[in-house]
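Me: I would like to learn how to read a strand and a cavity in a model of this kind. Could we take them one after the other?

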Amino acid sequence: MKVSVVIPVYNVKPYLERCVKSVISQTYKDLEIILVDDGSTDGSGELCDDIATTDNRIIVIHQNNQGLSGARNEGIRKANGEYIIFIDSDDAWLIDNGLELLIKKIHPNCDLITFKNVDFWDKDRATLTKNYDIDTLNRLPNPQAVFLHLVRTQALRISACFILVRRQILTDNNIFFYKGIISEDLSWSLHLWQHIQTVVIVNLDFYGYYHRENSITTTIANTLHAYQCFDQIFSYWEEQCNQHCINAEAIRIYLADIWVSRGYAFYKLKTSEKSAALAIMKQHSNLLQYATTSKSKRVAIMKQYIGIKNSLLVLGVYWRLRTKIIGHVIRKK
């Protein structure tokens, strides 16, 4: 079966060849590789064209800048494979036969395969994610139960890059990425899980996620704009859950965890932005009533005793101390 590999490209010239090489090197060869140049200004677009001359499976699309969501959406529209997989152009796949191993796990009508990632912080440090509890997951009756278990155990990996998905699920249900927001993977993934009928979980450290100082995660993510985006996300999914959508229980638990994650980042905001961000956090603090995981339950209790603002201050102090003393959970790769 053909697999469409969608690679959005925007000003990543130093990393692009590493990314594409990791795809071309896959032992599974029935691929179409879609490079979507999203208005790059650093020569990445020209490099896409050069790389395309080395492999006839590569398709290059040039478009005006529409952001990561717009680039991925164009890749979905152009894809012809039975399955789609995403990889960001500053990342890389780590195992040459990784895609082949995933394909072998596909059974008839499989909608989704999810696998593991490795986080790289610099040339010497990597975070290895915890294995999925495959035995428990295999005993669960349906994908909704799988989703709930992943959320409750904090094992849900929300990134679109950590799955292989049947293309028809996306096109038949109009599952595209929202433009103009950060954490676009979050709503996209929650929509996707509404329509999954069969899922396979694989303990394969396949995706290499390379953290960069000037990436979106480390620039826009800790600004007021990020909180405004999460305001939209929280509001939308709270409404969906109130209308009894599929996975409502799991989504509420997950949103409570996301609220706490935003709390950890609150101290990084500019002083001029904190008042507006605090108002957003207060507006959605009701999510903590669904706290189920250990971290969200602790914050829910803390909020009752010292209030939201003081809770956010405590979370900030904790996160700074954790980063300074413990750092990332690092293992040599």
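Me: Which residues of S2 lie on one side and which on the other, and are they buried or exposed?

Reply: In a regular strand the side chains alternate between the two faces of the sheet. In this predicted model, Leu31, Ile33, Leu35 and Asp37 lie on one side of S2, Glu32, Ile34, Val36 and Asp38 lie on the other, and all of them are buried, so that both faces are covered, where buried means under 20% relative accessible area.

Me: Which strands pair with S2, and in what sense?

Reply: Strand S1, residues 3–9, pairs with S2 in the parallel sense over seven bridges, and Glu32 of S2 is the bridge partner of Ser4. S2 also runs parallel to strand S3, residues 58–63, to which six bridges join it, with Ile59 of S3 as the bridge partner of Ile34.

Me: What units do these strands make with helices H1 and H2?

Reply: Helix H1, residues 13–24, makes a right-handed β-α-β unit together with S1 and S2, and helix H2, residues 44–52, makes a right-handed β-α-β unit with S2 and S3.

Me: What volume does the largest cavity have, and which residues lie nearest its centre?

Reply: Rolling a probe the size of a water molecule over the atoms shows where empty space is left. Here the structure holds one cavity of 30 Å³ or more, and the largest cavity has a volume of about 100 Å³. Its lining has 13 residues, of which Thr114, Leu156, Arg157, Ile163 and Trp193 lie nearest the centre. Helix H8 supplies the largest share of that lining, three residues, and by class the lining has nine nonpolar, three polar and one charged residues.

Notes
Residues are numbered from 1 along each chain as its sequence is written. This is a predicted model: local features need pLDDT of at least 70, side-chain atom pairs count only at pLDDT 80 or more; totals for chains, interfaces and linings use all residues. Side-chain values use heavy atoms; hydrogens and water are left out. Buried means under 20% relative accessible area, exposed over 50%, partly exposed in between (1.4 Å probe, protein chains only). Helices (H or I, at least four residues) and strands (E, at least two) are DSSP runs, numbered from the N terminus. Two strands pair if DSSP finds at least two bridges between them. A crossover is right-handed if, with the strands pointing away from the viewer, the path from the first strand over the helix to the second runs clockwise. On a 1 Å grid over the protein atoms alone, a cavity is a set of points where a 1.4 Å probe fits but cannot get out, and a pocket is an open set with protein on both sides within 12 Å along at least five of seven lines; lining residues have an atom within 4 Å of a point. Grid points are joined across faces, edges and corners, and a volume is the space filled by probe spheres set on the points. Ala, Val, Leu, Ile, Met, Phe, Trp, Tyr, Cys and Pro count as nonpolar, Asp, Glu, Lys and Arg as charged, and the others, Gly among them, as polar.
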